Structures are given as structure tokens and as C-alpha cells.
Amino acid sequence: MKIKYILFGLTISATVHAQQSWFKTDTTTKVNVKGRQLLNPWAGGLNASQFSKMHLNGDGIEDLVVFDRTNSKVTTFVAINNGSDPLGQVFSHAPSYELLFPAMYNWMVLADYNKDGHKDLFTSSPLGISVYRQLKDSNSWSWQLVREGVSTKGFSSNLNLQVSGEDIPAIVDIDDDGDLDILTFDYSGTFIELHQNLSMERFDRPDSLGTQADPVYLRNGDCWGNFFKDSNLDFVFGAECGVVDYSAGRILHAGNAILVNDLNGDNFKDLLIGHVSSDYISFVSNSNAGLIANYTSSTNTFPANAPVSISVFPAAFMDDVDFDGLKDLIVAPNVGSSDNNSVDFKSSNWYYKNTGDARKPDFKLVQKDFLQDQMIDVGENAAPSFFDVDGDGDLDLIIGTGGNPTNTGFRGSLWLLRNTGTAKEPMYEVESENYLGFYEAFTLYNIKPQWADFNGDGTIDLGFSSVSSGSLKPEFRYIPNKGRTGMAMLNIQDAILLPMPTDLRIGDVPFFYDGDGDGDLDLLIGKTQGNIYYYINTASRDRFEFKLQTDSFAGVSLNFQGRFAQVSVADFDLDGLADLVTADHTGTVRIFHSAAWGQWTQRESLLVENNGSSTAPVYGNYLFAHAGDYNGDRKPDIAIGTNAGGIMLLNNILPVTPPLIGVGEHQVVVYPNPASQYIKVVSSENSLLKIVNVKGSVIAENIVVMANIEKEISSSFWPSGLYLLEFVGKTTSVIKKIVVQ
């Protein structure tokens, strides 16, 4: 059977220009859990969620915006029709809108301060509160920064209106005069301050934010509501809101989240208050309307049926999330990270349906994983990797987890998502949340897998970095793969601990790659300080002795903004040269390309297509990016693991054409021919590759070549001459000749 091959036809130049998008966000690849198809599998996970609604797509139905405090990321969902839902609407992940939001941290509140019908954005700022006005036209909307710091008139001078970094303020019209007032706890976390908005009183319109010299906000009273919180977290009522001497008591760490709403139908605005040291929400009842609120009682068991019990700092939000016209209650932890690893971030969005009415809500607990149940969410610090675990010719997805609370402590694991589709049309089924039994075998967390031949036997093994309880540095182990070609046969009891550089620290992320082309694995380490270390292995294919080459690989040096760097390697633009993909604390992914190893001068950040433009989305802090061809087009794609425990897929859309191979018999492509620095091989089935020169001397053997996945092999140190490449498959072998110049 004669097969014709088309070798490596590029439709763009080797240097890819910045205006060319490299990837497109994949929201369509299906994922099933126990036969149930997830609606938003690649939404990226959620941890400490803050919920707001606004119009994103102009269809007249408010959509959902979620800000996650743990990674400072916005996730956007649009309301769409869904025939399977009783009310006909569900929230569908729409990542294109996320690009419109500014960089934020700590908290976000959407509220219409100028009463133009479009919600504006309030968020944390070094100066206190930043305000963005929503600008709307017929086809689009955007944010305009109008105040980087809101001022308030204090008792003796004008001040920046400060909100503790731990808190979430209430931005609400307390006196029902049409402008938005601000309630926030003082920095001791004891008293609520009322900053009254005097826009209506002074200008007869609600849209003024004032200036530093002439604030429109006024600090009204020493405290507000005639109550305060004592050192035991109890509420003390009947205060005169004057100066209170609490210096003799123990002052706990401040941190409060306030929700204001009439919750018992008496037309007075009650409070739901969460505290950083509590696992409950306090319901504080009001007995007076307007500015002169009078709070007289409280309970820490709210709602009465199935009260909130989140391990640390619950915060409450009210909005209609089931499309029945009534505001529901959602409670989530308001934390920057899991305090003492006590939060189950797989199930941290408690949704209570309002079964009462608008005047007197009655909240019933529906689920503890609102939105999370419709996405891949492993808890926190997801670390994806691709490998054909079952040897069926398509790539499965293996995800390392940061960890989850268990009966035996905080432990990480691996999730296995088996590809039940095909190599070109993947469909994933969540088969295990404890692949290989990590929970039972180890007391480890922050598990980050990598598949490579660690022992030099020609079979791809499973390696993983992790942290042991009480350790000050990460460790790296690998499990030898005893399976046949292209299949995983792994026993966790066989895990081998590798010697690693002594200067490794928690937060550093190792990645193994043969950078010098000598046949053994070298080591790249993304450092917590933002730089990248590169070590060469001076031992052999089955042993490791590392020699530091540079502490600023590819020019990536100490960088506070880009701290917690992480790397992966693939030839994304198919120019025959290895590219380096990096992810860091800026929340963006970048690619070094178009040069020999370590000599890159081009670095792309505008990588992802959005409405015809190349953009640099922010995916949040503490990312883990992994390259792999999950859709079988032989162009490397990227899976991004997030701190929120989810995965995002970026599909390679570069207009480059990989080499074609035949169908039917065992077919092989080897190129370029003649070769110089490298050769690339593609096989139609899983094979072991052996390379010999014309004298019969073995250059390399037992090289694993996965079916339909391009593999690059360095030939830079081979003497010029003719070489034979033998691909041994399941039943047949194929021999190819190539000339190295």
C-alpha cells in the first residue's frame, strides 16, 4: 500500500505576530459525572465567592458575576434558556465578559450609584474604595474609573473612606432617599460606621461621589445601629453610639461582612453579619427605619432550618438565582485562603432558596455547591496533565489537587477523567477523585503531576511534586510505569523519591525536560520569587545529579508581580523549536518562542482570541499550565489549573498544518529530512522507537512515541550521516531513513 505524505506545510511564518491569536477558549468539550453532563465544566472552579447580578448580554435578563477572593478573579455567567430546567433558565459560563472587568482584590459590589439603570462597580483600593461607572451603548458596555478613592467627612477632617481588607461593606440606600450610603465596620471590627451619602440633600440628584476637598459622604455618629460587638463576638445592644472603652478587653482580628435587607417582614432593614472568627451568620434584628436604626436582638442560628455552618468567615449575599423573581440567599467563605486547611472548597457555595415572598423571605437549604456542581472543581490548586492511561489512543485528563479536608487530615489526591470519546472529539467522564489511592498512601497536598520517562526505560512514568505535612519544601516522586507501550500500569507503593536541589521552597514548581538534548531529563523550577531556575542533569537517564545553569532562565528574573512562576514546554507554533509557556501571579499565560532552547527573544502574552481580537485574559493567582494535544489535531493545546480548583482549556488555533499520516496500516512520518538540530516523528499507533546509525551502533532506544502525537528528538549532537529509525508497534514495525547534516 503506497501512502503519500504532506510534510509540514506552514501557512504563517515561523515568527507568529502578536495580532495572531494562538488559542481559543474551549467551553464545549463535554464532561460527565455519574451520567450527568456538566453545564460549565471548564469554568475554572470557585472558592471564596462573592455574588452580584448585572446585565451582561443585553437580553433583558440579569446575569451573574462571581468574584473569588482567593485568586482575585471574576467569573461571568449569562442566563440562557434550558428546556431541562423547570423555570427555563440556567447560568452558562461566558468567559468573554470577564475581560471587561478591571483588576480587583478583596471585594467587589455591583450597585447603581447614579441611578441610570446600569450597575456600577465598587471595589477595594489602597485608598479605600474605587468606583467604576458602567458606560453603556446599544451594543456594548465598559467600565470607567471615576474615583480611585472615595472621601468622607470625618469628625475633624476629610478622610479616605477606608474598608478593612478583610471586610465586605454594605453599599445600600439606608435612608431610602435615592443615593447609596456605605456601612462598614471600623478597623477594630467592633462598631459599624455609617457614611451617609448627601448627594440628594445637597444636589437633589444621586450621582455625586464628591471630591477629596469636598466629600459627599459624611461619617454620621460614632457608631450606627445602637449596638456593637464585644471581644467574645457577642452583640451588645442599647449602646448610645458614643465613645466606648473596650481597651481592657481582648480585641480579636477584625473581619466582617455585612448584608442589609428586611428579613422578617416588618419593613425595617435587618443585618446578616459574618465574622472572620465565626462559622455562622448572625441575624441582627432592627426595630426602627431609616438612618436612626435600632438593633435590639440577634441569633447565630440562621436560617432556623439548616443554619449556616462554614468553617471560617461566612459572608451572605442575596439575589434571585433561580429566576422565580424572589431574592435567594447564598453564603460563601470570605477568605483569601483556607484557614488551617479547614475549608472544603469543592463545596463552599451554600444556596438557600427563598420559599417565602419578597416581603418576608423563608430560606430553605438546597445545596452546598451552587455553580460548583456544574464545573470541574477539585477544591483548590488544580494541576492538570494529559496521558493515555488506558492505551486506547486518546488522551485522558489527570488532575492533581491542592487538598481537601478528610477524616485523617488535609490531603491531596489525583482525579482521573477518562476520555470516553475519541482522540479528535474528546468527552470526559469523572471516573475517580482518588486515582491510585493517594489519600490512603500519603499525607501529601499540592500534588502536581507530570508524565515523563524518569527512569530511562523507554516508558512514560507518572511523576508528581507535592508537600508533606510539616515540611518546608516540596518533594518530587515518580511511579515507574510497568504497562505496555502507551498504557499506564502504576502501583503507588512503587513511588520513588527523587533527589532535588537543596534550595527548593514551598511554592516552587519543578518541571522536567531534556533541554540540552543529551537524552536525560533536566530540570526547570518556577520559583516563588518569580524567576526560573534551570539545572542540567549531569548523571544519566536513570539517575539525577543537578547542576545549576542559571537562576534567570529565558531572562525571567526576580519579579514580585510575576511571583509563583510555573512552566511547561511544547512546540506550539510547529516551527521545530521548543517553546516555553509560563504562568504566574499576574494571572496571565505567556509563551517564549521562535528561537533555540533558552535563547528566546520573543514572548507573547496576547494569546487568546476574543471577538476577533488577541487578548491576555487574567485567570487568577497560583496557576498551573500544562501542554497537551487533547483534541487530536497534533497541535499542542493548554490546560490551565486554577487556585479555585477548576480547569480551563485553550485550543490551539494557530494556522499551521501538521504533517499528515495515512490511515489503516501502521504509518509513520519523520521530518525534516535532511535534519540538523532536531527530528520530529509521528506514528499512527503507539510505538517504541529505536535509532541506529549505518554502522549498527544504537543511538537511542525504547523511546515512547504515542499514537498521533508528534514527538521531537534532538539530533544536534549526532554525527552527520544516515540513520535508521525503527518504530515497533503492537504487531508490526516500520523503518524510516533520515539524513543528519
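User: How many aromatic pairs turn up in the whole structure?
Analyst: A search finds 42 of them; Phe, Tyr and Trp rings (six-membered ring for Trp) pair if their centres lie within 6.5 Å, with planes under 30 degrees apart counted as stacked, over 60 as edge-to-face and the rest as tilted. Mind that this is a predicted model: local features need pLDDT of at least 70, side-chain atom pairs count only at pLDDT 80 or more, and totals for chains, interfaces and linings use all residues. Residues are numbered from 1 along each chain as its sequence is written, and side-chain values use heavy atoms, leaving out hydrogens and water.

User: What geometry do Phe512 and Phe544 have?
Analyst: Edge-to-face, at 5.7 Å centre to centre and 70 degrees between the planes. Phe512 is in strand 39 and Phe544 in the loop between strand 41 and strand 42, 32 residues apart. Strands here are DSSP runs (E, at least two residues), numbered from the N terminus.

User: Buried or exposed, those two?
Analyst: Both Phe512 and Phe544 are buried, meaning under 20% relative accessible area with a 1.4 Å probe, protein chains only.

User: Why is Tyr534 with Trp597 called edge-to-face?
Analyst: Because their planes sit at 70 degrees, with the ring centres 5.9 Å apart. Tyr534 is in strand 41 and Trp597 in the loop between strand 45 and strand 46, so the pair ties together parts 63 residues apart in sequence.

User: New topic: which ring does the charged end of Arg563 sit over?
Analyst: That of Phe560, 4.0 Å from its centre. The test is NZ of Lys or CZ of Arg within 6 Å of the ring centre and within 35 degrees of the ring normal.

Note on methods:
Helix = DSSP H or I, 4+ residues; strand = E, 2+ residues; numbered from the N terminus. Buried < 20%, exposed > 50% of the residue type's maximum accessible area, 1.4 Å probe, protein only.
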